[in-house]
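Here are some comments on the structure you sent. They are set out as numbered points.

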Protein chains: 2
Amino acid sequence: MSRVYNFSAGPAVLPEEVLREAAEEMMDYKGSGMSVMEMSHRSQVFDDIIKEAEQDLRDLMNIPDNYKVLFLQGGASQQFAMIPMNLMKNKVADYIVTGQWAKKAYQEAQKYGKANKIASSEDKTFSYIPDCSDLPISEDADYVYICENNTIYGTKFKKLPNTKGKLLVSDISSCFLSEPVDVAKYGILYGGVQKNIGPAGMVIAIVREDLITEDVLPGTPTMLTYKTHADAESLYNTPNCYCIYMCGKVFKWLKNMGGLEAMKERNEKKAAILYDFLDQSKMFHGTVVKEDRSLMNVPFVTGDKELDAKFVKEAKAAGLENLKGHRSVGGMRASIYNAMPIEGVEKLVEFMKKFEEENL
Amino acid sequence: MSRVYNFSAGPAVLPEEVLREAAEEMMDYKGSGMSVMEMSHRSQVFDDIIKEAEQDLRDLMNIPDNYKVLFLQGGASQQFAMIPMNLMKNKVADYIVTGQWAKKAYQEAQKYGKANKIASSEDKTFSYIPDCSDLPISEDADYVYICENNTIYGTKFKKLPNTKGKLLVSDISSCFLSEPVDVAKYGILYGGVQKNIGPAGMVIAIVREDLITEDVLPGTPTMLTYKTHADAESLYNTPNCYCIYMCGKVFKWLKNMGGLEAMKERNEKKAAILYDFLDQSKMFHGTVVKEDRSLMNVPFVTGDKELDAKFVKEAKAAGLENLKGHRSVGGMRASIYNAMPIEGVEKLVEFMKKFEEENL
């Protein structure tokens, strides 16, 4: 077995300890005589798994009692419809468009009411976060929507927008559990787990209880109604059981690592190694304005497409995988999620230095 | 490691060989240096996995070229909305209600048009399949809907309904890959994979190409539009990658077992062991009329609730797990899917004989 350093933007690296445990438990989970994949979702043994996963997440994020934790299928893309279908009572919502995912959410919402783009950073390839201190929030807006960390562009809201009293809905897919958040500031926080938590195939939505009602738009499918899942504690139908189990293991790992304060410190340290190098390199340059840089996704370029391609190829040969940037930004991107060890980032910077020396 | 015989109705038993391989590949899939859970769904290595899985399924089921294979999230319950949203052009559909799942599908369809219950077996706790040779099919019906194998009640359509030329849509969740089917007889066949194929968290929908259009009901979410997934070959957004990988392994296993003809023979042999015993037992009785019996799900009762409970408890102690029947039927249910070895059914019947001797 030889593991690489995997800088994929998602699905992404998972903690080795977690994978090892999963492999060990594959044929027989804790004396149950079966794999977690083979268990009835109504069984006691699975009930313990899902309840413990939820509790560990609540502990990690300090989730207030008036928020429900929902394990849902369909990815963030399905939330793009589910959110307006459940929240657009006035049929008005304000979107801050800071990347491809926020844009898709904004476009999908137009099916269900008046979605307003109240700010955007598309003018500069989404390389910054717009000033959101005094935006033209709609008077009758049902919510204000953001994508808090932009996986493709490598930006992050360091400060939440001033929603002028309106509900904040946030896609936190690529910064989920990377640092502490104040859940009470949001109406809904949600994210696909396949970036910073577990395997693909699940979204975790943290939804304030008063937003969970039967009063949804006409034609909203039962499965796209938050109340369906909240009432059934995410067991209305068979959930992605194995993903819940894997996420639960990652929650335990995070607790063992010291929780989200410790992860934040570790993530800042990791990101600084890379950003500090970028800031002094004569060859590599970050693409994001400094104050909006993500701790999780770090895009960078040489300015020369052929050189970029050479770098990605040689890095791969050196065991540094998935460094090719998204086509809309070009160049490279290193996603350095929670499970990326500090040694991975050090190796990357070491390799970049060597590459710079050899190719400048 | 000590494995039990797991008669769960789903999630359910998986082939031991498949689980063992998955465990072995957990830390490093075929020299990639990463787990399948950690791979970008856009990577070459994952592309090979999903393409091979689809091809193997096409081979197994002999799927005609004019049908798309879609790997979707949300379970059958989400299909209950997705089907009318995509197919109800005339806003009329006919439902044959042979159990709880068909009933739920029928109820959900009422959100989107006129859903007619054209036949039902609810009068006798869904213990039979109604005569479907000459039903009052609606003239403008967009489709006729069935649930082909009823997991809870243990019935199966041995003959498809006469739809009088209308499109047939079938939920095959609990008989998926248990025997050959003639795909060309259906407009859509679909099923949750967590019963007879893989881990929970995915539906496979096999959809005739001409039914895949942009002409869906207004307000249909992008993610609930078949065309979205067909155009992107199930990679519109991140799918349940690990589930696709596991299903792919099961497809290989089925091919090695000799394909669906061989599985049918094996399943008939397995089911006969149990049904033959039930037909001569003085204590245990099947709950389904003989001609409609499922090969996959076998409900049975003693007629005495306390005795049923005693049986389930003692069977569990003997390593025969998840034999408790669904609350709406009571008694016991043995789900004997593809991956249940013949020895499991033999052990069960042996145990039933012994229990009968001791308790009659």
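Predicted model: local features only at pLDDT ≥ 70, side-chain atom pairs only at ≥ 80, totals over all residues.

1. The values quoted here are computed from it.

2. Extent of the interface. Chain A and chain B bury about 4,600 Å² between them, and carbon and sulfur atoms account for 57% of that area. On the chain A side, the residues that lose the most area to chain B are A:M27, A:M37 and A:E38; together they make up 16% of what that side buries. Counted by residues, 60 of chain A are in contact with 60 of chain B.

3. Polar features of the interface. Two kinds of pairing can be listed here. The rule finds 27 residue pairs in polar contact across the interface of chain A and chain B, both residues at pLDDT 80 or more. Several helices of chain A take part in the side that touches chain B: α1 (16–24), α3 (75–87), α4 and α6 (241–256) each supply at least two residues. The rule also finds 2 salt bridges between the chains. In a salt bridge between B:R3 and A:E38, the side chains meet at 2.7 Å, N to O.

4. Is B:E321 buried or exposed? B:E321 has a relative accessibility of 12%, and the limit for buried is under 20%, so this residue counts as buried. B:E321 belongs to strand β13 (residues 320–321) of chain B. Leaving aside neighbours within four places in sequence, B:E321 is in contact with A:S32 and A:M34 from chain A, and with B:V4, B:Y5, B:N6, B:F7, B:S8 and B:K316 from chain B.

5. A β-α-β unit in chain A. Strand β3 (residues 92–97), helix α4 (residues 100–109) and strand β4 of chain A make a right-handed β-α-β unit. β3 and β4 (residues 114–120) of chain A pair in the parallel sense, over 6 bridges. Within this pairing, A:Y95 stands opposite A:K117 of β4.

6. An open sheet in chain B. Three strands of chain B form an open sheet with antiparallel pairing, in the order β11-β12-β14.

Notes:
Residues numbered from 1 in each chain as written. Chains lettered and ligands numbered in written order. Heavy atoms only, no water. Pairing = 2+ DSSP bridges. Helix = DSSP H or I, 4+ residues; strand = E, 2+ residues; numbered from the N terminus. Right-handed = clockwise from strand over helix to strand, strands pointing away. Buried < 20%, exposed > 50% of the residue type's maximum accessible area, 1.4 Å probe, protein only. Contact = heavy atoms within 4.5 Å. Buried area = accessible area lost by both parts, 1.4 Å probe. Salt bridge = Lys/Arg side-chain N within 4 Å of Asp/Glu carboxyl O. Polar contact = N/O pair within 3.5 Å; in protein donor to acceptor, adjacent residues only side chain to side chain.
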